[in-house]
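Dear colleague,

I am passing on a structure that you have not worked with before, and I would be grateful if you could look it over alongside these notes.

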Amino acid sequence: MEEDESTPEKKIDSQLNLPPSMNRPTVSLESRINRLIDSNHYHSPSKPIYSDRFIPSRSGSNFALFDLASSSPKKKDGKEDAAGSYASLLKTALFGPVTPEKSDVVNGFSPSRNIFRFKTETQRSLDLYSPFCSDDAPPGVSPSPVKSPRKILRSPYKVLDAPALQDDFYLNLVDWSAQNVLAVGLGNCVYLWNACSSKVTKLCDLGVDDSVCSVGWSLRGTYLAIGTSSGKVQIWDAVRCKSIRTMEGHRLRVGALAWSSSLLSSGSRDKSILHRDIRSQEDPVSKLKGHKSEVCGLKWSFDYRELASGGNDNKLFVWNQHSTQPVLKYCEHAAAVKAIAWSPHVYGLLASGGGTADRCIRFWNTTTNTHLSCVDTNSQVCNLMWSKNVNELVSTHGYSQNQIVVWKYPTMSKLATLTGHTFRVLYLAASPDGQTIVTGAGDETLRFWNVFPSPKSQNRESEIGASSFGRTTIR
């Protein structure tokens with residue numbers, strides 16, 4: 001038997017079992033491997049390049065880490081490969097001009113962004129796209145926009161002269177109706193200012209022996225209650241400018257009024273609170289006794305189940321619909337409590353403010369009978385009012401800064417501080433849409449401010465006063 005003297009190459013050729021018409025392969029195994037490694041940049045002279053979308057591009061890989069040949073973009077006719085150029089530009093735009101180099105490899109550790117790097121690069125990428133780091137943003141990348149805070153104009157858009165507007169902390173002489181009509185007590189007269197037409201109407205004159213101490217609109221804005229210095233309460237039809245009835249019961253001036261449907265509550269210097277049903281011709285429905293001094297603050301909750309009262313005895317009381325004695329008593333204030341406001345957003349949340357010796361705004365949960373928080377305003381608190389559109393409130397102040405402050409609740413951060421009054425800002429009311437407030441002071445001016453956003457848009461301008469600027473008189 002003769003030995004087969006064929007060479008190994010011939011054995012391989014026989015194993016391939018190629019047809020006689022095809023040439024035997026002449027490419028070595030080493031060149032095949034190199035071509036596979038660098039397949040992303042190998043160009044066949046006769047066939048177009050096709051790539052599987054599931055095979056990642058190797059142009060960004062660091063083959064030096066595995067002792068493989070570098071795979072930098074090949075040049076063709078003196079120009080870089082288009083795909084490599086685009087990848088380089090994209091990487092520079094996203095991650096900055098710094099790219100890992102072979103010289104960065106220290107002690108066998110590679111700074112490659114793609115392999116074996118976690119904490120450092122993750123933190124860098126987070127910081128890179130943080131909306132608070134715009135100074136270090138890479139070229140070509142726009143930082144995420146930060147929502148700018150709502151702008152509140154620091155000046156009133158309208159000023160009304162209000163001659164004889166009293167500088168008395170215990171009175172409540174300004175109220176704004178649901179029909180967009182402002183009522184103001186000036187001396188012994190009450191004037192109505194229509195916010196839509198700017199028309200001024202003199203509603204009544206009490207005479208030289210009496211004066212206006214409080215005004216309060218009914219819920220629908222058709223009737224106006226007027227508390228007088230003689231202790232009487234008058235009900236007027238604002239549409240017909242006609243007096244409906246006069247109710248007695250208080251011995252001294254009536255400085256606080258609050259409506260609950262057809263029930264009218266009045267607080268007096270005689271330390272009592274009277275409930276009256278204006279549909280009935282009988283005497284007051286009930287009389288509440290508890291305060292030891294003049295009642296100067298009176299507010300019904302939004303569900304009309306609880307009544308909050310503040311007095312010159314530094315006390316804040318909460319009554320229910322049927323009680324003749326307060327169900328809750330708060331004695332933390334150190335001065336008269338005139339400023340009272342129920343939150344329209346949180347059930348049972350009550351805010352109160354104290355006078356010159358106190359200067360604090362306090363928050364209470366009347367459902368759990370707990371004191372929530374206290375903020376020292378460094379100034380006499382004259383009025384408080386919540387926005388019905390957003391969870392914010394406004395406070396007006398007297399000694400010594402005479403300022404108006406818009407607060408964000410519950411953080412109680414100041415959104416704006418408004419100045420302009422030269423006397424204590426004793427009176428406060430809000431427009432029906434909840435965007436505009438009017439403030440009154442002993443400087444005999446009424447000032448209109450756009451402070452709250454509308455329910456639909458925070459950038460929409462209030463319809464009230466949008467077309468009228470300047471200074472006019474209310475009578």
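In this predicted model, Thr-396 stands opposite Ile-404, a residue of strand β26. The strands concerned are β25, which covers residues 392-397, and β26, which covers residues 404-408, and they pair in the antiparallel sense over five bridges. Both belong to an open sheet of four strands, arranged in the order β24-β25-β26-β27 with antiparallel pairing. The edges of this sheet are taken by β24 (381-386) and β27 (413-418), and each of them has a single partner strand, so one side of each is left without a neighbour in the sheet. On average, and with direction ignored, neighbouring strands here are turned by 20 degrees against each other.

Strand β17, made up of residues 306-311, is mostly covered, since six of its six residues are buried. The cover extends to both faces: Glu-306, Ala-308 and Gly-310 are buried on one side, and Leu-307, Ser-309 and Gly-311 are buried on the other.

β17 pairs in the antiparallel sense with strand β16 (residues 295-300), over five bridges, and it also pairs in the antiparallel sense with strand β18 (residues 316-320), again over five bridges. The hairpin of β16 and β17 has five residues between the strands, and in it Tyr-304 takes a positive phi near 60 degrees. In the hairpin of β17 and β18, where four residues lie between the strands, a positive phi near 70 degrees is found at Asn-314.

Another residue to look at is Thr-228, which is found in strand β9 (residues 223-228). Is Thr-228 buried or exposed? Its relative accessible area is 0%, which is under the 20% cut-off, and Thr-228 is therefore buried. The side chain of Thr-228 makes a polar contact with the side chain of Ser-230 at 3.0 Å, and it reaches the backbone oxygen of Lys-232, also at 3.0 Å. If its neighbours within four places in sequence are left aside, Thr-228 is in contact with residues including Leu-206, Asp-210, Cys-213, Arg-253 and Val-254.

Turning to the cysteines, a search of the whole structure finds zero disulfides. Cys-204 is in no disulfide, and the nearest cysteine sulfur, which belongs to Cys-189, is 7.1 Å away. Cys-204 counts as buried, with 5% relative accessibility, whereas Cys-196 is exposed, with a relative accessible area of 64%.

Finally, some values for the chain as a whole. The chain has four helices and 31 strands, and of its 475 residues, 43% count as buried. The accessible surface of the chain comes to about 26,500 Å², and 52% of that belongs to carbon and sulfur atoms. Among contacts between residues at least 6 apart in sequence, 47% join residues that are at least 24 apart.

With kind regards

Technical notes: Residues numbered from 1 in each chain as written. Predicted model: local features only at pLDDT ≥ 70, side-chain atom pairs only at ≥ 80, totals over all residues. Heavy atoms only, no water. Helix = DSSP H or I, 4+ residues; strand = E, 2+ residues; numbered from the N terminus. Buried < 20%, exposed > 50% of the residue type's maximum accessible area, 1.4 Å probe, protein only. Contact = heavy atoms within 4.5 Å. Areas by Shrake-Rupley, 256 points an atom, 1.4 Å probe, with all protein chains shown as cover. Pairing = 2+ DSSP bridges. Axes fitted to C-alpha atoms, helices over the stretch in contact; angles between N-to-C directions. Polar contact = N/O pair within 3.5 Å; in protein donor to acceptor, adjacent residues only side chain to side chain. Disulfide = S-S within 2.5 Å.
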